[in-house]
There are 2 protein chains.
Amino acid sequence: MSIREVARRAKVSIATVSRTLNNPSTVDFQTAERVRKAVEELRYFPNSQARSLVSGRSRILGLVVSDITNPFFPELVKGFEDIAIERGYEIMVGSTGYRSERMAACVRRLVERKVEGVAVMTSEMDQHLIDLLVTRKIPTVFLDVGSVHQFINNIQVDYATGINQAVEHLLNLGHTRIGFISGPLVLKSANIRRAAFLECLTRTGILEDEELVAEGDHTIDGGLEAMTRLLESKNPPTAVMASNDLTAIGAMRAVRRKGWMVPRDVSVIGFDDIHFAEFVEPPLTTIALSRRELAEKAIHALLQHIDPLRRKKSPHGAEYGVTPTLVVRQSTAAPRKRRHAE
Amino acid sequence: MSIREVARRAKVSIATVSRTLNNPSTVDFQTAERVRKAVEELRYFPNSQARSLVSGRSRILGLVVSDITNPFFPELVKGFEDIAIERGYEIMVGSTGYRSERMAACVRRLVERKVEGVAVMTSEMDQHLIDLLVTRKIPTVFLDVGSVHQFINNIQVDYATGINQAVEHLLNLGHTRIGFISGPLVLKSANIRRAAFLECLTRTGILEDEELVAEGDHTIDGGLEAMTRLLESKNPPTAVMASNDLTAIGAMRAVRRKGWMVPRDVSVIGFDDIHFAEFVEPPLTTIALSRRELAEKAIHALLQHIDPLRRKKSPHGAEYGVTPTLVVRQSTAAPRKRRHAE
DNA sequence: GTCTACGATGTAAACGTTTCCAAAAGAATA
DNA sequence: TATTCTTTTGGAAACGTTTACATCGTAGAC
């Protein structure tokens, strides 16, 4: 059961067993073999709690997401898990459900489990929770909403580039009335995306009309409602961009409900490129944000702190960038002449 | 940082601090208050590794899934997490990616972390891994593929009931040629579903034709391919049931590609009722398998073992049941007369 | 042949808790 | 007043590791 029994069976001390497991080069080959044999025979597995208690390293990374049920996240979790395992870490996932007390409970659990780093891939976090992590010197990486600091990293999505590609795509097709459906504006992250969209649309002189932007809630139903409102205006947009793919899918439904067709009557562009985007009808043109890349950057950022920490010189947090790119599918096309809102 | 500092600040022994945290009734109210104040001021969080090392209870439950990216799982994970947290446990999720060496690594990690129970919600597990868990007296619950044993529980999905409902629904609509697209037959779980479908179809005298059943792989593309094959036969089915929703969605695409329409030319029924089923075009009629219920049953089964274990009388494993039910949406309708395969 | 250095091993002290046991101090009983 | 029982507290041993330090050969250098 414990290292002691392995030691007894291999006729060595527990120290030698430990060394065989962690630092085989420091023990005689013959002895090591004997130990390994004993380990095998007893089916001994080291107790990681004891291990990390004494070594101070839990080898766990925390991942905080808002809602695993949101199709954006599973791929992120998967990437995170794959890479973490590869690097010898485990992950502990927590969903906040957008509720701040769940977020607090989640952080508390991570701290108690002595995670060596936390990736917060959801909307902002209360300052006192951040302090909690910082005072414990736990490296943290945020998505979009973090301000770089000691132990605090941030991954900044370069919205402008992706959105510009999309707008250009629409302009080339001949669109001039381009609408936008945002996420819920209570969320800082939704505001960031909204600001990026509007900034780009106004810069190209496209968006003059207040009527062309609506608020959704990052769900299909929200997108449907928002788009319905947009379509009710006297002069509806000929193309609409959405803050995420679910919203875009909802928007497409709204178009269809009105008896119009995508992309014939309205072009639709999403954001994220969730797996399903490829499989809706018509396949959704969208701005792809690679979850794999997000996961890679996040873990890289965390590890950057962890190893040097052992060497007593922990670097300052850093800013990382991820650039989304347009994926053209079939939900966009040249606009059709319309006389009126029929 | 540690309990010792709290003790010093509250001018008590560490034993008293521990008692205040775990068993407040055994310590004087005034003292307890003093301790709580110190805990608060120092922002002390107990170290769960030390805690579980000595108490022998990790308060972690393991959840093994095949692929978090498969839309069936996120809801399961969510339910599992919610309920576990509620009961004072954490969860540790592992994806196997259908690869047995990943499964082994996953189990190993769970064992090393001393999880108090494991839910294996994926296809079968090698016997030696099961033995690993059993000899360590770690309660386990399987989905469909487990054989009840000491410490081993199983949740049996009552496929017959759900499938019967679906077949009856199709019969009532007037269908007589009903096809079926299975999952990958290398997976035991896919075989179980397939057997249940075929058994039901042959019982009602519906399925005589080998040509009406095809093998998919539980993905959209697999469903598309399989359905395409089915549609190529001289006398294609007027309705098709699929082993899961992704397959059904793929099947619908195949129908559309052929220039036919769902449900006008072919009715389609899925299985699982993933969240997206409601949002495809047309909304998918499917046999709903509640992930929430699965999670509840799984945790219930595990907890059943864990608490009594402390009281030295651990019950034998048990069999639990979950009954899926038909959800009628718009992918099914009465068959249209057809002369030929056009 | 002695000295030094090094490689292989063991001993024991941590790590931060929980919990058993004993002690102390009243309170209740005889 | 002496005894017993509570209630509250502290001391110390465990839990299963890692790791600094000590020990002991043995080989190479002189």
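Start with the largest nonpolar core, which holds 183 residues; select Val240(A), Ala251(A) and Val240(B), the members that touch the most others. A nonpolar core here is a set of buried Ala, Val, Leu, Ile, Met, Phe, Trp, Tyr and Cys residues joined through C-beta atoms within 7 Å. Buried means that 20 or more other C-beta atoms lie within 10 Å of the residue's own, exposed that 12 or fewer do, and partly exposed covers what is in between, with C-beta atoms placed from the backbone.

Another core, of eight residues, lies apart from it and includes Ala10(A), Val17(A), Ala32(A) and Ala38(A).

This is a predicted model: local features need pLDDT of at least 70 and side-chain atom pairs count only at pLDDT 80 or more, while totals for chains, interfaces and linings use all residues. Residues are numbered from 1 along each chain as its sequence is written, and chains are lettered from A and ligands numbered from 1 in the order in which they are written.

Beyond its neighbours within four places in sequence, Val240(B) is in contact with Gly179(B), Phe180(B), Ile181(B), Met227(B), Leu230(B), Ala251(B), Val266(B) and Val268(B). Contact means that the C-beta atoms of two residues, placed from the backbone, lie within 7 Å.

Next, colour the open sheet of six strands in chain B, ordered S7-S6-S8-S9-S10-S12, with mixed pairing. Strands (E, at least two residues) and helices (H or I, at least four) are DSSP runs numbered from the N terminus, and two strands pair if DSSP finds at least two bridges between them. Which strands stand at the edges? They are S7 (213–215) and S12 (325–327) of chain B; each has a single partner strand, so one side of each is left without a neighbour in the sheet. From one strand to the next the twist averages 20°.

Axes are lines fitted to C-alpha atoms, for helices over the stretch in contact, and angles run from 0 to 180 degrees between N-to-C directions.

Move to S9 (residues 267–272) of chain B, which runs parallel to S10(B) and is joined to it by four bridges. Asp272(B) is opposite Ala288(B) in S10(B). Also in S10 (residues 285–288) of chain B is Ile287(B). Is Ile287(B) buried or exposed? It counts as buried because it has 26 C-beta neighbours inside 10 Å. Its contacts, leaving aside neighbours within four places in sequence, are Gly162(B), Ile163(B), Ala166(B), Ile269(B), Phe271(B), Pro324(B), Thr325(B) and Leu326(B).

**The parallel sheet of chain A**

Switch to chain A and select its open sheet of six strands, S2-S1-S3-S4-S5-S11, with parallel pairing. S2 (90–95) and S11 (319–322) of chain A are the edge strands, each pairing on one side only. The twist averages 20° from one strand to the next.

Walk across it from S1 (residues 60–65) of chain A, which pairs with S3 (residues 117–120) of chain A over four bridges in the parallel sense. Leu63(A) is opposite Ala119(A) in S3(A). Helix H6 (residues 100–112) of chain A lies across S1, S2 and S3 of chain A, at about 160° to S2(A).

Further on, S4 (residues 140–143) of chain A pairs with S5(A) in the parallel sense over four bridges, with Leu143(A) opposite Ile155(A). S5 (residues 152–157) of chain A has five of its six residues buried, so it is largely enclosed by the rest of the structure. S5(A) is joined to S11(A), also in parallel, by four bridges; Asn154(A) has Glu319(A) as its bridge partner there.

**Where the chains meet**

Show both chains: 33 residues from chain A and 33 residues from chain B form the contact. On the side of chain A that touches chain B, the elements giving two or more residues are H4, H5 (72–86), S2 and H6 of chain A.

**The DNA strands**

Select DNA strand D and the 27 residues around it; Ile3(A), Ala15(A), Ser18(A), Ala50(A) and Val54(B) come nearest. A residue is near a strand if its C-beta atom, placed from the backbone, lies within 6 Å of it. H2(A) gives the most to this surface, with six residues.

Finish at DNA strand C, surrounded by 27 residues, the closest being Ala15(A), Asp28(A), Val54(A), Ile3(B) and Ser18(B). H2(B) gives the most here, with six residues.
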